[in-house]
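This report looks at a sheet, some aromatic rings and the disulfides of one structure. Please keep the sequence and the model in view while reading.

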There are 2 protein chains.
Amino acid sequence: MELRTMVLGHFLVVSLALNAGLLYRDYCNGRRKSQDVFTFNGDCKNESLVTKSAFLETNKAPLPSNAIISEVIDLDHGDPTMYERYWQEMGDRTTVIIPGWKFISYFSDKRKLCWFLEPEFENAVIRLHKLVGNAVTDGRYMVVGTGSTQLFQAVLYALVSPNASEPTSVVSAAPFYSSYPLITDFLKSRLYKWAGDAHKFDKNEPYIELVTSPNNPDGSSREAVVNRDKGLLIHDLAYYWPQYTSISSSPADHDIMLFTVSKSTGHAGTRLGWALVKDQEIAKKMTEFIVLSTIGVSKESQLRAAKVLQVLADSHGQKDHFKENEPFFYYSYNLMAKRWKQLREAVKNNKLFSLPDFPQNKCAFSGRTFSSQPAFAWLKCEGETEDCEGFLRDHKILTRSGKHFGESAKYVRISILPRVEVFDQFIERLASIN
Amino acid sequence: MELRTMVLGHFLVVSLALNAGLLYRDYCNGRRKSQDVFTFNGDCKNESLVTKSAFLETNKAPLPSNAIISEVIDLDHGDPTMYERYWQEMGDRTTVIIPGWKFISYFSDKRKLCWFLEPEFENAVIRLHKLVGNAVTDGRYMVVGTGSTQLFQAVLYALVSPNASEPTSVVSAAPFYSSYPLITDFLKSRLYKWAGDAHKFDKNEPYIELVTSPNNPDGSSREAVVNRDKGLLIHDLAYYWPQYTSISSSPADHDIMLFTVSKSTGHAGTRLGWALVKDQEIAKKMTEFIVLSTIGVSKESQLRAAKVLQVLADSHGQKDHFKENEPFFYYSYNLMAKRWKQLREAVKNNKLFSLPDFPQNKCAFSGRTFSSQPAFAWLKCEGETEDCEGFLRDHKILTRSGKHFGESAKYVRISILPRVEVFDQFIERLASIN
């Protein structure tokens with residue numbers, strides 16, 4: 001039993017490290033003991049590049065590692081490894097080859113406002129939006145970022161007045177993405193500050209509202225809720241893709257829209273996002289932020305993402321050489337449909353939990369009428385269980401508590417995007433809890 | 001004459017955009033007119049992917065483009081395109097091939113504190129340091145960042161107390177890297193603030209001193225200058241490589257050392273740096289910063305840099321298949337030596353300018369005794385010229401004024417790292433000024 005606690009501790013530590021550091025706070029404060037148990041003190045030191053078996057030896061736990069590891073199911077963060085299999089099946093079509101002498105310069109195209117944006121990537125993104133019909137690209141400025149996390153910060157910087165006497169309030173309707181407050185406040189900027197749930201914002205002062213649609217964590221479709229003067233909107237559309245939700249008949253046409261490859265194609269390790277921006281001055285200031293923050297964005301990431309997006313679009317083009325492969329969004333739609341069916345089955349037979357229902361809508365991309373099948377499940381513990389995250393942790397399912405999303409701890413967010421073995425094991429375990 | 005001013009204006013705008021946005025301020029304020037002349041209003045919009053000729057048409061300037069462009073020599077930023085030729089000559093040895101399904105996850109190695117650091121990259125960096133002997137790696141934590149620009153910010157975040165009543169002062173001895181003040185202050189953090197020239201810092205309170213050695217802009221070897229209690233040091237060793245300066249017989253052994261591929265191998269577009277950190281808690285907080293800022297670092301960049309660094313080290317290994325190629329640091333040393341010789345010749349015959357002298361030191365890596373040949377020339381306008389940058393701009397040589405480095409405008413910083421055609425043209429023009 002002590003060993004199990006140790007293993008669980010380890011996985012907690014690992015899972016905590018993700019999603020823009022939400023749980024780093026816990027990691028650095030409350031949960032350090034778990035790490036110490038694992039004598040990670042020497043870890044990350046150069047001389048300690050240990051193999052898995054060495055790692056287990058370090059912990060004096062000479063047990064079969066797979067058996068132990070499989071006991072804990074980590075669905076705390078949205079690591080989209082579900083997509084690996086599709087890209088594997090596509091073989092070498094998405095393989096990227098980069099000669100060592102290319103892309104040495106800081107510049108991608110000196111003539112552009114966004115001079116570190118690779119034209120190949122820009123073109124692939126535009127083609128993708130035109131294929132899916134989920135966002136207007138004509139007449140927009142594109143700004144590339146190191147994931148939409150960096151772009152979110154770039155937008156804050158671009159929207160605030162540098163000379164304002166008070167920091168601008170940043171709000172989002174609860175439940176909101178758990179990283180927003182942390183990212184907004186971690187540098188204690190005098191330019192902006194996190195001001196919580198948009199539903200409760202009632203000040204007559206400038207504010208920025210984040211509209212995440214479909215929403216992370218609960219998958220709902222969203223519009224702005226404050227609707228006052230002096231408000232500026234950021235639309236985070238990371239999940240507005242046809243495997244998760246119906247695409248509306250008119251493409252999204254907001255002033256500032258954020259997207260990321262992590263949740264569209266699944267390439268989270270690429271750390272790449274893009275913003276579509278109406279206003280030139282805002283696009284300029286966002287570019288300025290990215291220059292100050294990281295002097296541009298990895299060319300390698302942009303080249304690889306360009307290739308992946310091109311093949312994705314090709315897969316929908318009915319070309320002969322793709323005959324043996326399903327188009328990307330059909331494959332991923334079917335996979336999400338299957339997982340949500342499994343999940344709803346498991347929950348239906350169990351009075352301890354409930355899941356949100358979503359209205360049916362016709363998808364202008366696929367022609368199908370369906371209910372949303374989000375990347376995360378927003379699960380509620382019914383009855384007397386107040387700490388749903390703790391309850392599931394006792395069953396070795398790691399999730400993220402609703403309290404991090406500005407909501408009750410009766411809720412948890414669960415990733416639906418892990419590899420199939422992990423997901424199936426999760427469904428089995430969830431169904432067995434009673 | 002008016003056309004020339006326009007062309008010059010364009011190049012100013014382009015050059016201004018770099019080096020962590022130093023000149024973005026000018027760009028956004030004083031110099032916007034130059035841009036407007038070029039009707040860049042439509043630029044960066046998706047529909048405006050223009051060719052060079054189209055760009056000239058837009059500006060209604062139907063003149064041979066090469067002739068115009070070659071008139072302006074842009075050495076304002078340190079874009080290291082000088083290195084392109086070496087990697088070209090190495091052929092496909094440094095070519096990187098990445099299958100579309102790999103490196104999808106956020107994680108590189110879940111067991112490590114720095115879980116987004118690719119082991120291949122880490123190993124290549126360690127091998128490189130052991131080859132060159134420029135820094136201690138044993139017993140250090142390695143933290144990877146999106147360039148050393150991001151790592152610098154990560155260190156600030158890691159060193160300050162989150163609960164301090166006053167922002168911690170950040171200082172560096174003038175002339176200091178022009179981006180340090182901008183990066184420190186652009187988000188108006190309550191955690192830290194730029195406090196200028198370290199020589200003038202006399203407060204009895206916590207401070208952080210940046211020690212850049214060899215120094216950007218002036219190439220001098222440096223040590224800390226404040227040396228008070230409550231001081232913490234960051235050593236920026238971006239230029240501590242044997243093509244620029246002698247490597248000391250004992251490897252650098254500071255608490256926090258920053259490096260970047262931009263200035264070691266020349267791969268600026270890769271946006272990749274690394275920190276070697278003694279203290280575990282600091283390495284953890286730096287990792288936390290990078291998670292909050294960008295949720296890790298591009299895997300593609302790390303893989304490509306790993307390959308380039310491996311081939312670099314191989315080139316010094318006297319392997320048979322490398323016989324026809326010069327080892328990297330010999331090639332780049334010779335190139336820098338040649339450029340500095342050209343530059344000193346041009347300046348020697350001209351009483352308008354002077355250059356710093358450097359002491360000779362024996363390099364423990366190559367065995368050679370030589371004076372530093374820095375990546376930048378810190379040129380002084382002698383006599384009555386007070387605005388050296390403006391003076392050179394009149395001769396269509398774009399440089400960065402000393403005033404951005406906390407020094408007199410009689411100085412300018414000039415990049416020595418452009419492609420050979422540009423450098424030769426610069427020498428020719430400089431020699432012709434009298």
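## A sheet in chain B

In this predicted model, four strands of chain B form an open sheet in the order β10-β13-β16-β15, with antiparallel pairing. Strands are DSSP runs of E with at least two residues, and helices are runs of H or I with at least four, numbered from the N terminus. Two strands pair if DSSP finds at least two bridges between them. The edge strands, β10 (353-354) and β15 (400-401) of chain B, each pair on one side only.

β13 (residues 376-381) and β16 (residues 411-415) of chain B pair in the antiparallel sense over five bridges. Leu379(B) has Val412(B) in β16(B) as its bridge partner. Helix α13(B) packs on the sheet and touches β10 and β13 of chain B, where contact means heavy atoms within 4.5 Å. The direction of α13(B) makes about 5 degrees with that of β13(B); axes are lines fitted to C-alpha atoms, for helices over the stretch in contact, and angles run from 0 to 180 degrees between N-to-C directions.

## Aromatic rings

Over all chains, a search of the whole structure finds 60 aromatic pairs. Rings of Phe, Tyr and Trp (its six-membered ring) pair if their centres lie within 6.5 Å; planes under 30 degrees apart are stacked, over 60 edge-to-face, and the rest tilted. The ring centres of Trp241(B) and Phe329(B) are 6.0 Å apart and their planes are at 5 degrees, so this pair is stacked. Trp241(B) lies in the loop between β7 (231-236) and β8 (256-260) of chain B, and Phe329(B), 88 residues apart from it, in helix α13 (residues 328-348) of chain B. Both Trp241(B) and Phe329(B) are buried (under 20% relative accessible area; exposed is over 50%, partly exposed in between; 1.4 Å probe, protein chains only).

## Disulfides

The whole structure has two disulfides over all chains, each a pair of cysteine sulfur atoms within 2.5 Å. One joins Cys381(A) to Cys388(A), S to S 2.2 Å, and another joins Cys381(B) to Cys388(B), also S to S 2.2 Å.

The torsion about the S-S bond of Cys381(B) and Cys388(B) is about 65 degrees, so this disulfide is right-handed. Cys381(B) counts as buried at 1% relative accessibility, and Cys388(B) is buried at 0%.

## Notes on the model

Residues are numbered from 1 along each chain as its sequence is written, and chains are lettered from A and ligands numbered from 1 in the order in which they are written. Local features need pLDDT of at least 70, side-chain atom pairs count only at pLDDT 80 or more, and totals for chains, interfaces and linings use all residues, while side-chain values use heavy atoms, leaving out hydrogens and water.
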